[in-house]
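Work through the following exercises with the sequence and the model at hand. Each task is followed by a solution in steps.

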Protein chains: 2
Amino acid sequence: MAGALESLESCLERHIPPGELAEVKRILYGGEARKLDLPTAALSAAQERDFELQGYGFEAAPEQLRRPRIVRVGLIQNKLPLPTDTAVAVQVAALHRRIEEMVGVASMCGVNIVCFQEAWTMPFAFCTREKLPWTEFAESAEDGPTTKFCQELAKKYNMVVVSPILERDELHGGILWNTAVVISNSGALLGKSRKNHIPRVGDFNESTYYMEGNTGHPVFQTQFGTIAVNICYGRHHPLNWLMYSINGAEIIFNPSATIGTLSEALWPIEARNAAIANHCFTCPINRVGTEYYKNAFTSGDGGKAHHELGHFYGSSYVAAPDGSRTPGLSRTQDGLLVVEMDLNLCRQVGDKWNFKGRAVSFSSQLWPRQR
Amino acid sequence: MAGALESLESCLERHIPPGELAEVKRILYGGEARKLDLPTAALSAAQERDFELQGYGFEAAPEQLRRPRIVRVGLIQNKLPLPTDTAVAVQVAALHRRIEEMVGVASMCGVNIVCFQEAWTMPFAFCTREKLPWTEFAESAEDGPTTKFCQELAKKYNMVVVSPILERDELHGGILWNTAVVISNSGALLGKSRKNHIPRVGDFNESTYYMEGNTGHPVFQTQFGTIAVNICYGRHHPLNWLMYSINGAEIIFNPSATIGTLSEALWPIEARNAAIANHCFTCPINRVGTEYYKNAFTSGDGGKAHHELGHFYGSSYVAAPDGSRTPGLSRTQDGLLVVEMDLNLCRQVGDKWNFKGRAVSFSSQLWPRQR
């Protein structure tokens, strides 16, 4: 039964004796992540607003010439607050309200950069292959209501906001894209990053709606570090992560929407491997819950038509360049993960292992030479 | 205490109730691997010879035009049988004997392709930076005593043998390499694959002895499938795995020597990510035990001179293209892991996800285009 286990980590904590638990965590997670001391007001607000709040921290060694570059990142995962056949505008308004109350708690926790889940203003309805009403959720990245909403949040809380939406590019023929809008803590639009690998697997019929993005591998220099957004299916491609990293990203967000039967065994592996291989922090975020659709659809697997896509298993986490990671958020509940990191760790680990330097110089080895 | 936990998997089995254990295994390993029914004679021989024997199987769907391509792979991890200051020839002879008795059991289990650990005929003495006696362990890949020994094994058991050794290339100036020799089940030398990424990290001073290999990314067509060997540190480089896979490898062995404090959190991630990203089977093998050296050496970390490199934590495993994996062998004991796989799974998973196809077509996206 998907969804039966609240989280892998809570299960391990419950059953494994303390003496062995430390070793298990070291092998599974690279050690016990330091717990952040979050404000009581934030913890009780999260409880009132019915979402999980967890906080962890990663350290770096002190250096002589650089000061620590401490940043707090917030990852938000959430269910749909309303049924998928509610009026479009009503669903969007409810999602705005839900995110607003979660970002308020992120602010209490000192979050500098917050990222929401993929296509956060809508149901992940691409399984249906229906155009209406789903394409009505698309908005302009530059001046749509969701971008304006995020700009207000950014200014109010002095927080960089990464807002992954379904984009309609009105300036270029009304084309749809799957796009992350990046907003500075001043409220200014920093730019956007379009999903550049589109799945055609199982119920993920996304190329029915939009194609591979044409924004390359942009990075965004914020007051709190250089960030990039590798959306969902881009997570499966090691070269994709590499390019964001080579372009300078120290933190790569991976807003996603993925389900248990398809990918849960891959989830803890791919983004963490990317953090290791590229000496950066990676932040995979998955939505949570099960979404029902009025009209039944088939899945290209010979099975019967059905009304749901499967269980989005949440489990958002942060992986560090040294291979360690935080526990995951819940598999079943809304949640905010607050992670403090010293970005100096990226270069320190790079100088130790130098995987990325070798990748860059690797082109000379790409094809077999003499045996 | 490194070595305190026999294996992560045995700890989970011992403490987590059966109802939750299945979910834990699904999330951690992609499901419960099917246990192979190994012959009683093999199990008791392994017990007599004091090593762990485990067997698992991966299935593929039936196809109309291809028959199943079932192959059994054997991964061997072992401690040094003698102290590192024993005479070179005596150590090599003891290792030959140890491997001979383990391969005998592999044969009872129907293994078609066996792979030994990195530099299996010697202590992993590169931490010392001493040249003698360690360079005396080097042998010709083409006609050294170890290659001859492996050719005999291959013929006797009708088994492909992958034999990673310290190579001295007498034909080209007596240069040293870290090389895997690949021997056909007929006993013929199929070729060799040289380690192409050399660590310069912690006590892994290997570039003191040999440099990046010049054999590119060769693959070897055997009667039992197309294989490649990505030696040790090459595991950290996603592009390296990609090239072996693009060249046609269905099974990539990763004979290694790595220690707990340095890499244990990375170990379950990297080779498994490579199996996922490249739709192939990967077989990471790590040596096991702690090796002591007579002369103390420092580690470039400001610490005191010491006599041991650290704990080689074994934990050899096999990862499948669908993201699932076997449990690991022991962290502390010699072991043989027998894994049956249907190689048809590689193309089936590739057709489903198509990550590799996208990597190949990815070159057109390598640099940022217009936003």
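Helices (H or I, at least four residues) and strands (E, at least two) are DSSP runs, numbered from the N terminus. The model is predicted, so local features need pLDDT of at least 70 and side-chain atom pairs count only at pLDDT 80 or more, while totals for chains, interfaces and linings use all residues. Residues are numbered from 1 along each chain as its sequence is written, chains are lettered from A and ligands numbered from 1 in the order in which they are written, and side-chain values use heavy atoms, with hydrogens and water left out.

**Exercise 1. Helix α5 of chain A**

Solution: 
- Buried means under 20% relative accessible area, exposed over 50%, partly exposed in between (1.4 Å probe, protein chains only).
- The buried residues of α5(A) are A:T146, A:T147, A:F149, A:C150, A:Q151, A:L153 and A:A154.
- An α-helix has 3.6 residues a turn, so residues three or four places apart point the same way.
- Just after α5(A), A:N158 has a positive phi of about 55°.

**Exercise 2. Strand β12 of chain B**

Task: Decide whether the faces of β12(B) are covered or open, and identify the strands that pair with β12(B).

Solution: 
- Six of the six residues of β12(B) (251-256) are buried, so the strand is largely enclosed by the rest of the structure.
- One side carries B:I251, B:F253 and B:P255, the other B:I252, B:N254 and B:S256; both faces are covered.
- Two strands pair if DSSP finds at least two bridges between them.
- β11(B) (225-229) pairs with β12(B) in the parallel sense over three bridges, and B:A228 stands opposite B:I252.
- β13(B) (281-286) also pairs with β12(B) in the parallel sense, over six bridges; here B:P255 stands opposite B:I285.
- A crossover is right-handed if, with the strands pointing away from the viewer, the path from the first strand over the helix to the second runs clockwise.
- β11(B), helix α6 (238-246) and β12(B) make such a right-handed β-α-β unit.

**Exercise 3. The interface**

Task: Describe the contact between chain A and chain B by residues, by buried area and by salt bridges.

Solution: 
- Chain A gives 67 residues to the contact and chain B gives 68 residues.
- Buried area is the accessible area (1.4 Å probe) that two parts lose on being put together, summed over both; here it is about 6,400 Å², with 65% on carbon and sulfur atoms.
- A salt bridge is a side-chain nitrogen of Lys or Arg within 4 Å of a carboxyl oxygen of Asp or Glu.
- The rule finds six across the interface, including A:R331 with B:E23, whose closest N and O atoms are 3.9 Å apart.

**Exercise 4. Backbone exceptions**

Task: Where does A:H279 lie, and which peptide bond to A:P133 is cis?

Solution: 
- Most residues other than glycine have a negative phi, and most peptide bonds are trans.
- A:H279, not a glycine, has a positive phi of about 55°.
- A:H279 lies in the loop between α8 (267-278) and β13 (281-286) of chain A and is buried, at a relative accessible area of 5%.
- The bond from A:L132 to A:P133 is cis, with omega near 5°; A:P133 is in the loop between β4 (113-115) and α5 of chain A.

Note on methods
Contact = heavy atoms within 4.5 Å.
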